[in-house]
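Please find below a note on the model under discussion.

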Amino acid sequence: MREPSLWEQQVQRNPEHSRWYIQRFEAMRAAGADLAGEARTMDALLPRAALVLDAGAGPGRVGGQLLALGHRVVGVDVDPVLVEQARADHPGAQWLVGDLAQLGTVLPAGYLGSFDGIVCAGNVMTFLAPSTRRDVLAGFAAALKPGARAAVGFGAGRGYGFGEFLDDARAVGLEPATLLGTWDLEPLTPDSDFLVALLRRPQDPARDAGSRTSLL
């Protein structure tokens with residue numbers, strides 16, 4: 001039986017939590033807060049008109065910005081209330097209800113191995129059921145094209161140490177390519193209370209060999 005995520009447990013305790021979350025960001029936007037930082041960083045990492053997975057998409061804050069920048073966006077979130085809001089606010093993207101730990105069954109056929117990038121912002125990793133963390137990261141690895149990157153950001157002190165997270169990523173075949181302390185590219189230091197990890201799916205050696213041969 002699937003272990004419920006910490007987010008699902010929170011919603012079970014307070015059924016209004018999802019609505020509160022939506023209203024919180026709507027109030028921040030109305031007050032002029034900059035809510036597009038993660039999307040700007042992700043846009044810089046991607047080719048134009050990229051296919052992007054917004055993992056733990058919530059109401060589409062990040063994926064909606066990437067859509068506006070010309071990317072093709074598929075968002076996945078376990079919370080149907082948040083997904084309903086994303087569909088209403090950003091109808092040009094594809095928003096799916098599902099558990100990130102079961103990404104292979106949530107995504108439509110043909111999507112695995114096709115994403116140019118994955119963005120996982122908003123402390124999503126710390127809201128997962130601990131028993132599913134490696135399954136989620138393995139799903140990211142399977143969803144990415146060879147050589148493509150996932151950008152994952154979350155804060156310290158939330159029950160998932162940065163070192164443990166990086167060990168989990170390596171265990172499922174994702175290479176920590178770049179480690180940052182903020183979404184605006186400040187370096188990671190021993191005192192950093194936030195991590196933005198760019199995790200790369202390694203290139204397929206057979207594919208690389210074929211490419212080199214074709215250039216000879």
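1. Basis. This is a predicted model, in which local features need pLDDT of at least 70 and side-chain atom pairs count only at pLDDT 80 or more, while totals for chains, interfaces and linings use all residues. Residues are numbered from 1 along each chain as its sequence is written, and side-chain values use heavy atoms, with hydrogens and water left out.

2. Helix 1 against helix 2. Helix 1 (residues 6-13) packs on helix 2 (residues 17-30) at an angle of about 105 degrees, and their axes are 8 Å apart. Helices (H or I, at least four residues) and strands (E, at least two) are DSSP runs, numbered from the N terminus. Axes are lines fitted to C-alpha atoms, for helices over the stretch in contact, and angles run from 0 to 180 degrees between N-to-C directions. The two helices, helix 1 and helix 2, are therefore roughly perpendicular to each other; the classes are roughly parallel under 35 degrees, roughly antiparallel over 145, roughly perpendicular from 65 to 115, and oblique for the rest.

3. Residues at that contact. Helix 1 contributes Trp 7, Gln 10 and Val 11, and helix 2 contributes His 17, Ser 18 and Tyr 21, where contact means heavy atoms within 4.5 Å. By class, this contact of helix 1 with helix 2 has three nonpolar, three polar and no charged residues. In this scheme Ala, Val, Leu, Ile, Met, Phe, Trp, Tyr, Cys and Pro count as nonpolar, Asp, Glu, Lys and Arg as charged, and the others, Gly among them, as polar.

4. Aromatic pairs. How many aromatic pairs does a search of the whole structure find? The search finds eight. Rings of Phe, Tyr and Trp (its six-membered ring) pair if their centres lie within 6.5 Å; planes under 30 degrees apart count as stacked, over 60 as edge-to-face and the rest as tilted. For Trp 7 and Phe 127, the ring centres are 5.4 Å apart and the planes stand at 80 degrees, so the pair is edge-to-face. This pair links distant parts of the chain, with Trp 7 in helix 1 and Phe 127 in helix 7 (residues 124-127), 120 residues apart. Trp 7 is buried at a relative accessible area of 11%, whereas Phe 127 is partly exposed at 23%; buried means under 20% relative accessible area, exposed over 50%, and partly exposed in between (1.4 Å probe, protein chains only). Trp 7, Tyr 21, Phe 25 and Phe 127 form one aromatic cluster.

5. Phe 154 and Phe 165. The ring centres of Phe 154 and Phe 165 are 5.1 Å apart and their planes are at 80 degrees, so this pair is edge-to-face. Phe 154 belongs to strand 5 (residues 144-155) and Phe 165 to helix 9 (residues 162-171). Phe 154 is buried at 0% relative accessibility, and Phe 165 is buried at 0%. Phe 154 is also among the residues touched by Asn 123, which lies in the loop between strand 4 (115-120) and helix 7 and is buried at 13%.

6. Asp 168 and Tyr 160. Asp 168 is in helix 9 and counts as buried at 8% relative accessibility. Not counting residues up to four places away in sequence, Asp 168 touches Arg 133, Arg 134, Leu 137 and Tyr 160. Arg 133 lies over the face of Tyr 160, at 3.9 Å from the ring centre; the criterion is NZ of Lys or CZ of Arg within 6 Å of the ring centre and within 35 degrees of the ring normal.

7. Helix 4 and His 71. The buried residues of helix 4 include Arg 61, Val 62 and Leu 66. Their cover includes helix 2, helix 3 (37-45) and strand 1 (51-55). His 71 sits in the loop between helix 4 (61-68) and strand 2 (72-77), and is buried at 2% relative accessibility. Among the residues that His 71 touches are Asp 43, Ala 49 and Leu 66.

8. Positive phi. Most residues other than glycine have a negative phi. Ala 49, in the loop between helix 3 and strand 1, has a positive phi near 55 degrees and is partly exposed at 43%. Leu 185 has a positive phi near 75 degrees and is exposed at 53%. Gly 70, which follows helix 4, has a positive phi near 100 degrees.
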